[in-house]
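The sequence and structure come first.

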Amino acid sequence: MKYLLALLTSIFASILLTACGSGDGFTNPVVIDPGGQTVRLDFPTEYGLQIPTSGNRVTVASNNTVTFVTMAGTNNILNIEPNVLVRSMEVSGSNNTVNLSNNDTVPTISVLGTNAILNVGADDQINEIQMLGSNGLLTITSFSANVGTIGLGGSNIVLRIPTGYTSKTTIHNTGANNQIIEQ
């Protein structure tokens, strides 16, 4: 019975890593490869995440800790469920969407790619967001989100924030043709 349980656990772990790509999570991050996958990640230990491919829908489960997220592929959607800690995030590919839920913590988010969409939820904790690509959309959906600094260094970026939100954050708009919309 003990050997059967060990065998089933090994098979389940193999299937999970095959569906996600490969890696042990921390020293070797989970890599979403090949593209076109729908994956939900839920690990009891801290792990890194790389999305170098295209057409993926990746969900990070509640209460996970992710060392880093690197999204270099195109046309990907990354959904972060509530109460997740992501130590750093870089979105360098094009046409990517990141949806933060509620009570997520991401100290630093850098968006370098074009046509990126970043949605920040209620009670999220973010020290700094840098939108450096072009044609991006950053939406802070709730006044309760805490974003220390927002950098709009790219061009043609739309920043949507709740009315009065400029009183609780610092916005550096050094790019060209950016819009800040309070709603």
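A cavity is a set of points, on a 1 Å grid over the protein atoms alone, where a 1.4 Å probe fits but cannot get out; lining residues have an atom within 4 Å of a point. Grid points are joined across faces, edges and corners, and a volume is the space filled by probe spheres set on the points. The model is predicted, with local features needing pLDDT of at least 70 and side-chain atom pairs pLDDT 80 or more, while totals for chains, interfaces and linings use all residues. Residues are numbered from 1 along each chain as its sequence is written, and side-chain values use heavy atoms, with hydrogens and water left out.

**Cavity**

Searching the whole structure gives one cavity of 30 Å³ or more. The volume of the largest cavity is about 30 Å³. Its lining is made up of Met 89, Val 91, Val 98, Ile 109, Val 111, Ala 116, Ile 117 and Leu 118. Two or more lining residues come from each of strand E8 (89-91), strand E10 (108-111) and strand E11 (117-120). Strands (E, at least two residues) are DSSP runs, numbered from the N terminus. By class, the lining has eight nonpolar residues, no polar and no charged. In this division Ala, Val, Leu, Ile, Met, Phe, Trp, Tyr, Cys and Pro count as nonpolar, Asp, Glu, Lys and Arg as charged, and the others, Gly among them, as polar.

**Aromatic pairs**

Rings of Phe, Tyr and Trp (its six-membered ring) pair if their centres lie within 6.5 Å; planes under 30 degrees apart count as stacked, over 60 as edge-to-face and the rest as tilted. Two aromatic pairs are found in the whole structure. One is formed by Phe 43 and Tyr 47, edge-to-face, at 4.8 Å centre to centre and 70° between the planes. Phe 43 is buried at 18% relative accessibility, and Tyr 47 is buried at 1%. Here buried means under 20% relative accessible area, exposed over 50%, and partly exposed in between (1.4 Å probe, protein chains only).

The rings of Phe 143 and Tyr 165 also make a pair: their centres are 5.8 Å apart and their planes stand at 90°, so this pair is edge-to-face. Phe 143 lies in the loop between strand E13 (137-140) and strand E14 (146-152), and Tyr 165 in the loop between strand E15 (158-161) and strand E16 (170-173), so the pair ties together parts 22 residues apart in sequence. Phe 143 is partly exposed, with a relative accessible area of 39%, whereas Tyr 165 is buried, at 0%. The ring of Phe 143 also has the charged end of Lys 168 over it, 4.7 Å from the ring centre. A charge sits over a ring if NZ of Lys or CZ of Arg is within 6 Å of the ring centre and within 35 degrees of the ring normal.

Contact means heavy atoms within 4.5 Å.

| Residue | Contacts |
|---|---|
| Thr 139 | Leu 118, Asn 119, Val 120, Arg 160 |
| Ser 134 | Gly 113, Thr 114, Asn 115, Ser 155 |
| Thr 166 | Ile 161, Ile 171, Glu 182 |

Thr 139 belongs to strand E13 and is buried, at 13% relative accessibility. One of its contacts, Leu 118, is also among the residues lining the largest cavity. Ser 134 is placed in the loop between strand E12 (125-131) and E13; with a relative accessible area of 19%, Ser 134 is buried. Thr 166 is in the loop between E15 and E16 and is partly exposed, at 40%. Thr 166 and Glu 182 are 16 residues apart along the chain, and their C-alpha atoms are separated by 8.6 Å.

**Backbone exceptions**

Most residues other than glycine have a negative phi, and most peptide bonds are trans. Asp 33 and Pro 34 are joined by a cis peptide bond, with omega about 10°. Pro 34 is in the loop between strand E1 (30-31) and strand E2 (38-41).

Which residues other than glycine have a positive phi? Asn 115 has phi near 55°, and Asn 177 has phi of about 60°. Asn 115 lies in the loop between E10 and E11 and is partly exposed, at 34% relative accessibility. Asn 115 is also one of the contacts of Ser 134. Asn 177 lies in the loop between E16 and strand E17 (179-182) and is exposed, with a relative accessible area of 60%.

Note on methods:
Helix = DSSP H or I, 4+ residues; strand = E, 2+ residues; numbered from the N terminus. 1 Å grid on protein atoms, 1.4 Å probe; cavity = no way out; pocket = protein on both sides within 12 Å on 5 of 7 lines; lining within 4 Å. Lists of a residue's contacts leave out its neighbours within four places in sequence.
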